[in-house]
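Visitor: Hi! Could you walk me through this one? I'd like to start with the overall fold and then get into the side chains.

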Amino acid sequence: MHARLHIREKLIELKLRRWCSIARYPQYYSTRSAPQARKNFWRLCARYPEIMRRLGLTELSVYL
């Protein structure tokens, strides 16, 4: 992703929150499956652990 650092971090935060929300509440998002949302969330968690910690999320956040 080519963006300024603070904009890039905001975009990653939005992606983390979006996939977490889709995994938690799949009934509200009919176009995405919960397993795929968890997979995408965990991939972002592995790639950006510092942003994940700053948001207070863990790998298990998709189940809570």
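Guide: Happy to; we'll go from the fold to the salt bridges, then the aromatic rings and the surface.

Guide: One thing to keep in mind is that this is a predicted model.

Visitor: Noted. How many helices and strands are there?

Guide: The protein has 3 helices and 0 strands. Reading from the N terminus, the order of elements is α-α-α.

Visitor: And what's the radius of gyration?

Guide: The radius of gyration is 12 Å, close to the 11 Å that the globule rule gives for 64 residues, so the protein is as compact as a globular protein of that length. The C-alpha trace spans about 35 × 20 × 15 Å along the principal axes.

Visitor: What share of the residues counts as buried?

Guide: Of the 64 residues, 33% count as buried.

Visitor: Let's switch to charges. How many salt bridges do you get?

Guide: The count comes to 3 salt bridges. In general, side chains of opposite charge can pair when their charged atoms come close.

Visitor: Which residues are linked in a network?

Guide: Salt bridges link E9, K10, E13 and R54 into a network.

Visitor: Nice, take me through it. What does R54 do with E9?

Guide: The R54 and E9 side chains meet in a salt bridge, at 3.8 Å from N to O. R54 is in helix α3 and E9 in helix α1, so this pair ties together parts that are 45 residues apart in sequence. R54 is partly exposed, with a relative accessible area of 47%, and E9 also counts as partly exposed, at 27%.

Visitor: How far apart are the closest N and O atoms of E13 and R54?

Guide: For the salt bridge between E13 and R54, those atoms are 2.9 Å apart. Here too helix α1 is joined to helix α3: E13 lies in the former and R54 in the latter, so parts 41 residues apart in sequence are tied together.

Visitor: Then where does K10 come in?

Guide: K10 meets E13 in a salt bridge, with 3.5 Å from N to O. Those two are 3 residues apart in helix α1, which means about one helical turn separates them.

Visitor: Is E13 buried or exposed? And K10, buried or exposed?

Guide: E13 counts as buried because its relative accessibility is 12%, under the 20% cut-off. K10 is exposed, with a relative accessible area of 52%.

Visitor: OK, new topic: rings. How many aromatic pairs turn up in the whole structure?

Guide: A search of the whole structure finds 2 aromatic pairs. One of them is formed by Y25 and Y28, a tilted pair with 6.2 Å centre to centre and 50° between the planes.

Visitor: How accessible is Y25, and how accessible is Y28?

Guide: Y25 is partly exposed, with a relative accessible area of 40%, while Y28 counts as exposed at 63%.

Visitor: What about W42 and Y63?

Guide: W42 and Y63 form a tilted aromatic pair as well, with 6.2 Å between the centres and 50° between the planes. W42 lies in helix α2 (residues 34-47) and Y63 in the segment after α3 (49-55), so the pair ties together parts that are 21 residues apart in sequence. W42 is partly exposed at 34% relative accessible area, and Y63 is exposed at 51%.

Visitor: Which charged end sits over the ring of W19?

Guide: That would be the charged end of R18, which sits 4.7 Å from the centre of the W19 ring.

Visitor: Last topic, the surface. Which residues make the nonpolar patch?

Guide: I7, L11 and L14 make a nonpolar surface patch of about 260 Å². L11 has its place in helix α1 (residues 5-24).

Visitor: How accessible is L11?

Guide: L11 is partly exposed, with a relative accessible area of 37%.

Visitor: Great, that's what I was after. Thanks!

How values were computed
Residues numbered from 1 in each chain as written. Predicted model: local features only at pLDDT ≥ 70, side-chain atom pairs only at ≥ 80, totals over all residues. Heavy atoms only, no water. Phe/Tyr/Trp six-rings, centres within 6.5 Å; stacked < 30°, edge-to-face > 60°. Buried < 20%, exposed > 50% of the residue type's maximum accessible area, 1.4 Å probe, protein only. Helix = DSSP H or I, 4+ residues; strand = E, 2+ residues; numbered from the N terminus. Lys NZ or Arg CZ within 6 Å of the ring centre and 35° of its normal. Patch = residues over 30% accessible without salt bridge, like charges linked within 9 Å, V, L, I, M, F, W, Y side chains within 5 Å. Areas by Shrake-Rupley, 256 points an atom, 1.4 Å probe, with all protein chains shown as cover. Salt bridge = Lys/Arg side-chain N within 4 Å of Asp/Glu carboxyl O. Rg over C-alpha atoms; globule rule 2.2 N^0.38 Å.
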